[in-house]
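Please walk through this structure with me.

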Amino acid sequence: VPYTENGTFYQNFEMSDWVNVNKDKTTLSIDGESKTLNESFYVLPQSSNESVSGDLVYVGFGIEAEEQKHNDYKKLSEKKLKGKIFVIDVSSPDGIHPHSKYLAYHNLDARAEKAVEKGAIGIIFVNEGEMASDPKIKFRKIKNSGVPVVFLKEVPGEKAKKLKYASIEVLVKEQMIEAIPGRQKGWRGDFGRVVMETHFPW
């Protein structure tokens, strides 16, 4: 007899679904103007569930690369940074591509961590040029840098430096779905369940 709860060779298991974003509890307001979720902005996986308000400080790419003699924080004092919401460009000094000299610094996890280390209470990522793609809007795992983190879409060049004040509220939750092996071919969603078929070579 097969060693499973239902007495078959099939075994149920859980898998990650897209993170659920609470639309009523996820908001962004910049300089008094409310932004529309998923149209003007969206949450990034580095975010925590928090509500913050504060002055904005533009920190360029948010990169410290001593070997490249590049430091976006060099001219910003601790007083200028501490307790602020950081605005960070997702690109790098030479763009985002496999041959970039700043390849080790492209990861937004590390840049969010660095921002928090420098005193950020929130982070707004932007894309000011054409040398980088926007971050993905959907994700399955929350990485939680300790502060709310969002991406602001469609920011014309140089405008990010002029932003003054923001309020960010984020509420997201990871979701799991139950995967049920079955004879139905392909994938079939059914109230949080997925039925799938696996073929073996024997």
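**From a helix end to the whole chain**

Just after α2, G119 takes a positive phi of about 115°. Helices here (H or I, at least four residues) and strands (E, at least two) are DSSP runs, numbered from the N terminus. This is a predicted model, in which local features need pLDDT of at least 70, side-chain atom pairs count only at pLDDT 80 or more, and totals for chains, interfaces and linings use all residues. Residues are numbered from 1 along each chain as its sequence is written, and side-chain values use heavy atoms, with hydrogens and water left out.

Stay with α2 (108-117). At its N-terminal end sits a cap, N107. A side-chain oxygen of N107 lies 2.7 Å from the backbone nitrogen of D109. That is a polar contact (a pair of N or O atoms within 3.5 Å; within protein, one must be able to donate a hydrogen and the other to accept it, and residues adjacent in sequence count only if both atoms are side-chain atoms).

Which residues of α2 are buried? They are L108, R111, A112 and A115. Seen down the helix axis, they fall within an arc of 100°, so they line one face of α2. The arc is that of the directions from the helix axis to the C-beta atoms. Buried means under 20% relative accessible area, exposed over 50%, and partly exposed in between (1.4 Å probe, protein chains only). The cover over the buried residues of α2 includes β9 and β10. The face turned away from the buried side carries the exposed residues E113 and E117.

Now step back along the chain to S92. This residue is in the loop between β9 (85-89) and α2. S92 is buried, with a relative accessible area of 3%. Its side chain reaches the backbone oxygen of G95 at 2.6 Å. Leaving aside neighbours within four places in sequence, S92 is in contact (heavy atoms within 4.5 Å) with F61, I63, S100, Y102 and H106.

Next, the cores. A nonpolar core is a set of buried Ala, Val, Leu, Ile, Met, Phe, Trp, Tyr and Cys residues joined through side-chain atoms within 4.5 Å. The largest has 22 residues, of which L28, I30, L56, I124, L152 and I168 touch the most other members. Strands that each supply at least two residues of this core include β3 (27-30), β6 (51-58) and β12 (165-169). Apart from it lies another core, of 19 residues, among them Y42, A115, I123 and V149.

Most residues other than glycine have a negative phi. N38 has a phi near 70°. It is in the loop between β4 (33-35) and β5, and is partly exposed at 38% relative accessible area. K69 has a positive phi of about 55°. It lies in the loop between β7 (64-65) and β8 (70-71), and counts as exposed at 82% relative accessibility.

Finally, the whole chain. It has two helices and 16 strands. Buried residues make up 39% of its 202 residues. The mean pLDDT (the predictor's confidence in each residue, from 0 to 100) is 86, and 79% of residues reach 70 or more. Where is confidence lowest? It is lowest in strand β15 (residues 188-189), at a mean of 48, and highest in β12, at 98. pLDDT stays under 50 over residues 183-191, and also over residues 195-202. Where pLDDT is low, the predicted coordinates should not be read in detail.
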